[in-house]
Every structure is written in structure tokens, then in C-alpha cells.
Amino acid sequence: MESYQILKKNLIESKMSWWLEETELELKQIQSIVSEIYPNLCDSDIVRTDNGEAEWKHYTRLSLETLNKKGIVKKVNPTKRGGLWVKNKNISINYLKITSSFINEYYDLPSYERNTFNSMQYNFFKKEWYLSKNDIASYINKGSSGIDFLWQAIIFNLFSKIVYYYHKKNYKYCSDFIGWRFYEFNIQCIPIFKGKFKNFVDEYLLTVLNKNKKNKYITDHSLINMNSYCAFLFSIFELMNKDCCEFNIEEIISEIKNYDEFKDEFSDNPKSMSYIFKNTLLNYK
Amino acid sequence: MEFSTDQLFFSSMLKELEYKPKNNELSLLKELYDEMANMAISYYPSSGADINDLFYANNKKVELLGELNPSVFIHSDYLHTDLNSPDNFDKDLRLHRINILGSVKVFDKSKLKSIYIYKLKTPISDEFKWLVLFWGYYNEEVLIDLINSKINVPLIYTVCDGITSGWGAGYTPSIPTIMYPFLAVDLGIKYIITEQNSEHIKSFIEQKYDQFRTWLNNVLLVSKNPSIKSLLELSNKELEKELIIRLLKIEEEFLNTNGRLRCFDYRFTDHMVIKNIY
């Protein structure tokens with residue numbers, strides 16, 4: 001299969017998940033994003049014999065036509081050649097939710113157990129996970145699914161921290177529920193990441209990103225999916241509300257916004273990913 | 001009247017352990033005595049170190065309990081002892097973020113038998129809870145003292161095994177808990193939370209019907225209910241039939257349906273039911 005044919009297959013299968021719903025994009029903008037995401041599949045030296053157009057651009061347009069037929073995208077003005085395209089509502093968001101495979105992968109992250117002391121001087125059990133730079137790199141090499149997993153993992157960790165610190169009456173219920181619904185073994189506590197959210201996203205992840213040629217793709221993928229990542233956090237609480245124990249989502253937002261512990265979880269630098277995540281979260285509807 | 005430990009339903013056990021209250025223990029035991037007189041009690045036979053009932057045996061998680069919301073949780077387990085490290089269970093409680101507000105711990109010299117009394121604050125409620133553990137004691141010993149003291153136990157929380165003479169737990173086949181409804185009159189049982197649902201009973205009937213008489217005899221070790229005794233006069237076939245009728249007519253509802261968690265036990269969550277005893 002030629003590279004531009006693989007490109008078309010990828011674009012159709014992924015439904016261009018990076019594209020936010022109801023967002024209008026010029027064909028040229030779409031082609032530009034596609035070339036950033038799939039640089040290896042966008043070889044401009046391979047051109048059509050009839051009009052000299054790069055095959056990957058032609059196949060990108062063909063992909064849009066196919067997605068149009070499937071009702072996933074549409075032309076803003078169908079009578080005009082080229083022009084604006086829009087992603088139809090309710091299709092573009094890359095819905096992330098808790099699944100057995102995610103939980104099993106999360107609980108199996110490299111971790112260690114330790115006893116520690118809380119402010120009440122009570123000895124309690126903690127399981128902390130960590131990922132080496134090599135581990136992170138191997139997730140990134142998996143492409144979008146690997147990047148999404150890393151985000152999901154740190155967000156699930158955030159969920160666990162929120163419940164542990166501010167909703168302790170629900171902590172056992174949540175960990176029992178997750179163990180029952182999604183994990184095959186008995187678990188007593190949800191493993192957490194040792195550091196802060198910002199440490200993982202802005203420092204740990206970024207260090208690996210900077211050494212990775214796919215940096216731009218990963219950053220773009222993360223930014224494009226930021227809404228999905230926020231939705232993932234809320235989806236966990238919504239699931240708990242439905243099937244386990246009560247949470248007030250507004251209260252949780254206010255905790256993230258106002259509590260000192262959570263102020264420290266996110267960076268103050270507006271350009272940082274953790275800041276963008278927090279900001280998206282606070283404005284999420 | 002001044003309070004003495006003789007007023008507690010387990011006073012004979014305390015005497016056997018030659019217990020003499022120290023410091024503030026008497027006031028804590030009096031508090032327990034008062035609480036038992038006024039508040040609902042739940043009993044968990046063959047509990048091991050499990051404390052899931054402290055979190056799930058309440059009317060917020062199990063709405064079917066109606067107004068019943070136990071404050072006193074009694075546990076017993078013959079095999080479970082705290083022989084070498086008496087603080088292990090305290091750590092277990094703290095691991096679950098339960099504050100120990102007061103405790104009395106009584107051992108025999110060999111530490112094969114022990115009674116722990118805890119006043120607790122669990123993370124799920126602002127109200128105090130009481131946990132009374134009888135370790136190294138047969139369930140019958142606790143049942144007899146409860147029945148003799150005419151203490152009502154409206155809720156039985158029992159998983160895996162839990163009635164009367166026998167060990168289970170891998171040493172012998174588990175002694176099923178399905179016979180607890182026959183103690184309903186003696187203990188004033190209204191609800192039983194268990195994994196041993198009617199499907200379980202049917203399978204017991206098919207596989208172990210010959211043991212019904214033994215189990216009923218075990219019930220008679222503690223029960224004062226004359227109707228139980230009359231059951232033993234039936235022939236094997238008649239007894240089997242009568243027990244099946246009585247046990248299967250008890251209404252039960254599965255607790256964890258449609259993906260919603262109401263009561264957790266890592267071994268049996270999918271099978272947990274609440275039985276409504278009339």
C-alpha cells in the first residue's frame with residue numbers, strides 16, 4: 001500500500017479525532033495539521049500525473065469526502081470547491097472513560113508499596129506508581145493511544161487524590177467499586193503517582209517529549225484532546241454518582257480552584273500543559 | 001444503679017478472662033452498654049478481620065434496611081486471634097481511616113481468646129460506632145450470650161461461613177450461613193445480608209441435603225425456639241422438604257444489580273443479597 005493510501009485509511013479510521021466538533025477549518029488548514037500529525041505519510045514528492053498535486057493532499061480530500069458520506073464531517077458551503085469544512089457535533093470528541101483495560105493497565109504500572117504517616121500520625125498503606133523516561137517513551141511510541149493513556153493515568157491519579165483528601169467518606173466505596181467493576185483482583189487502595197500533576201505533565205513528560213522527534217504531534221494531540229481529558233475526569237465522578245457514591249461536581253471544581261493542595265498540583269505558567277489542563281477543567285461545561 | 005461489667009451480655013466471658021477494668025475502661029463499657037440498649041445491633045459471625053460491614057451494613061448503602069442503621073457491630077471468629085501483634089487490628093482500622101476513640105482489650109494468658117471493644121468514628125458517618133470483637137470464640141458462645149441476655153440483633157451480616165460448630169475456611173467444608181433464619185425468633189433478626197442466596201440454598205439441597213440435620217442440631221445448641229426442636233422429629237425426607245419450604249420462601253433481593261455497588265466483599269460481591277425475615 002502506498003503511503004498516501006495508508007494516510008487515507010488512518011484519517012478515516014481515526015475520524016480525525018484531533019478535530020474539535022463544530023470547528024470550521026479550511027482545507028489548507030486541515031492538510032497542514034495532517035502533515036504535522038503524519039509527516040511520514042505526507043510525501044510531497046509523490047505527485048499526481050494529471051495535475052501535479054501531491055497525492056497525500058488529494059487523498060486527504062478523498063478522506064474528507066468519505067467522512068462526509070459517513071456524516072462525520074460536512075462542507076460548510078457544499079456548492080463551493082475547497083472552502084470550509086466542519087466537524088459534526090457529537091462525533092469529534094475522543095471520549096475517554098474508565099474501562100477494564102485502562103484500570104488493569106493503570107494498576108499494573110510499576111509501583112512500590114510503603115507505609116507512611118499522615119497528619120494524624122496514623123500509619124497507613126500507600127502504593128505509588130512511577131514511570132521511567134523509557135517507560136514514558138514507549139507509551140509515546142504507541143501514538144495517540146499511548147499519549148491518551150498517560151493523560152488518563154495522571155487524571156485518574158488526580159481523581160484518587162481528590163477523593164482521598166476531600167471526600168474520605170467515599171474513598172473505600174470508590175476503590176471497592178473500581179476493583180469490583182473493572183479489576184480482577186482485590187485491591188485496598190488506588191495507586192497514586194508520587195509527585196504532583198505538574199511534575200508528571202510539565203517536567204517528567206516534557207523531558208521525554210523534548211528528546212522525541214514527535215514533540216509537536218504529541219503537544220498538538222494533547223492540546224486538541226484537552227477537553228476530552230477534562231471530560232474523562234468528570235466522567236469518573238459521574239460514574240461514581242451513578243453507581244457508587246455521591247459527589248457534587250461543583251464542589252470538586254471549587255476544591256481544585258481554591259484548596260492549597262491543589263493549587264500546588266498545577267503550574268502557574270500559562271504556557272504549561274498543567275496550567276492549560278486546570279484552566280480547561282475550571283471552564284469546562 | 002452503678003454500672004458493673006456484670007450487666008454486659010458477655011460478662012461471663014470477661015470473668016473467664018479474669019478481667020478487671022482499668023482507668024477509664026468502666027466508663028467506656030458503660031457507654032457501650034447504654035448504646036446496646038438504645039441502638040441497633042449487627043452481628044457478623046466468623047468475621048475474621050473483615051470490617052466491610054462497618055462501611056456497607058447501613059441504610060445509606062443498603063436502602064432496603066429502611067430505618068435500620070446499626071451502631072453496634074459485633075464480630076466473632078474462632079480461628080482469628082491477635083496472638084503476636086495485638087495492634088495489628090488497630091492498624092487495619094486506621095488503614096481504613098477509622099479513628100479509634102477508645103478501646104478495651106482483654107486477653108487470656110495464652111492470647112488464644114480475646115475480646116476487643118472499640119468506640120470508633122468511621123469516615124462514612126459523624127455518629128460513633130461500636131465494634132465488639134470476640135476472637136478465639138465459637139460463634140455459638142456469642143449467640144448463646146446474646147440470646148440469654150435477650151438482646152435483639154435485627155441484622156446479621158454473614159459471608160462465606162458463619163454458623164455454629166465447625167471451622168470451614170479450608171480446614172473443613174464451609175459451614176453455610178443459610179440456617180440463620182431459624183434464629184430469627186431468638187435474636188429478633190429482621191434482615192440478613194449474605195452471599196448465600198436462594199441459588200446457593202438450592203445447590204446445598206442438591207449436594208449436602210444429608211447435613212441439614214447436623215446444621216439444625218447446631219441451631220439447637222443456641223436456640224430456645226421450641227418449633228426448631230420439633231423439626232428434628234421429622235424424617236430425613238420430611239425435614240429436607242420442610243427446610244426447603246421455609247428457607248426458599250424468604251424474600252431476598254440482590255444488592256449489586258445494574259452495575260451499582262451497595263455491598264462489597266471481594267469474594268462475593270456479585271452474589272450478595274439481603275434477606276427480609278418476617
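Mentor: Let's start with a word we'll need all the way: two residues are in contact if their C-beta atoms, placed from the backbone, lie within 7 Å. Keep in mind that this is a predicted model, where local features need pLDDT of at least 70 and side-chain atom pairs count only at pLDDT 80 or more, while totals for chains, interfaces and linings use all residues. As for labels, residues are numbered from 1 along each chain as its sequence is written, and chains are lettered from A and ligands numbered from 1 in the order in which they are written.

I'd look at chain A, and at how its pieces meet. Chain A splits into domain 1 (3–87) and domain 2 (100–282), with bounds that come from an automatic or database domain assignment. Where they touch, 4 residues of domain 1 of chain A are in contact with 5 residues of domain 2 of chain A. On the domain 1 side of that contact you'll find 3 nonpolar residues, no polar ones and 1 charged. Here Ala, Val, Leu, Ile, Met, Phe, Trp, Tyr, Cys and Pro count as nonpolar, Asp, Glu, Lys and Arg as charged, and the others, Gly among them, as polar.

Now zoom out to the whole chain for a moment. Chain A has 13 helices and 6 strands; these are DSSP runs numbered from the N terminus, with helices being H or I of at least four residues and strands E of at least two. Of its 285 residues, 33% count as buried. A residue is buried if 20 or more other C-beta atoms lie within 10 Å of its own, exposed if 12 or fewer, and partly exposed in between, with C-beta atoms placed from the backbone. Among the contacts in chain A with a separation of 6 or more, 67% join residues 24 or more positions apart.

Three strands of chain A make an open sheet in the order 1-3-2, paired antiparallel. Two strands pair if DSSP finds at least two bridges between them. At the edges sit strand 1 (24–26) and strand 2 (73–75) of chain A, each pairing on one side only. On average, neighbouring strands of this sheet are turned by 30° against each other, direction ignored. Strand 2 of chain A is joined to strand 3 (residues 84–87) of chain A by 3 bridges, and Lys75(A) has Trp85(A), in strand 3 of chain A, as its bridge partner.

Two helices lie across these strands. Helix 3 (residues 55–69) of chain A lies across strand 2 and strand 3 of chain A, at about 105° to strand 2 of chain A. For such angles, axes are lines fitted to C-alpha atoms, for helices over the stretch in contact, and the angles run from 0 to 180 degrees between N-to-C directions.

What ties things together inside? A nonpolar core is a set of buried Ala, Val, Leu, Ile, Met, Phe, Trp, Tyr and Cys residues joined through C-beta atoms within 7 Å. The largest one has 130 residues, and Ile154(A), Ile155(A), Cys174(A), Ile189(B) and Ile193(B) touch the most other members. Helix 6 (residues 144–166) of chain A gives the most to this core, 11 residues. The core also draws at least three residues from each of domain 1 and domain 2 of chain A.

The contact between the chains takes 16 residues from chain A and 14 residues from chain B. On the chain A side, strand 5 (123–129) and helix 7 (168–182) are the elements that give two or more residues. Helix 7 of chain A has the largest share, 9 residues. That side of chain A divides into 7 nonpolar, 3 polar and 6 charged residues.
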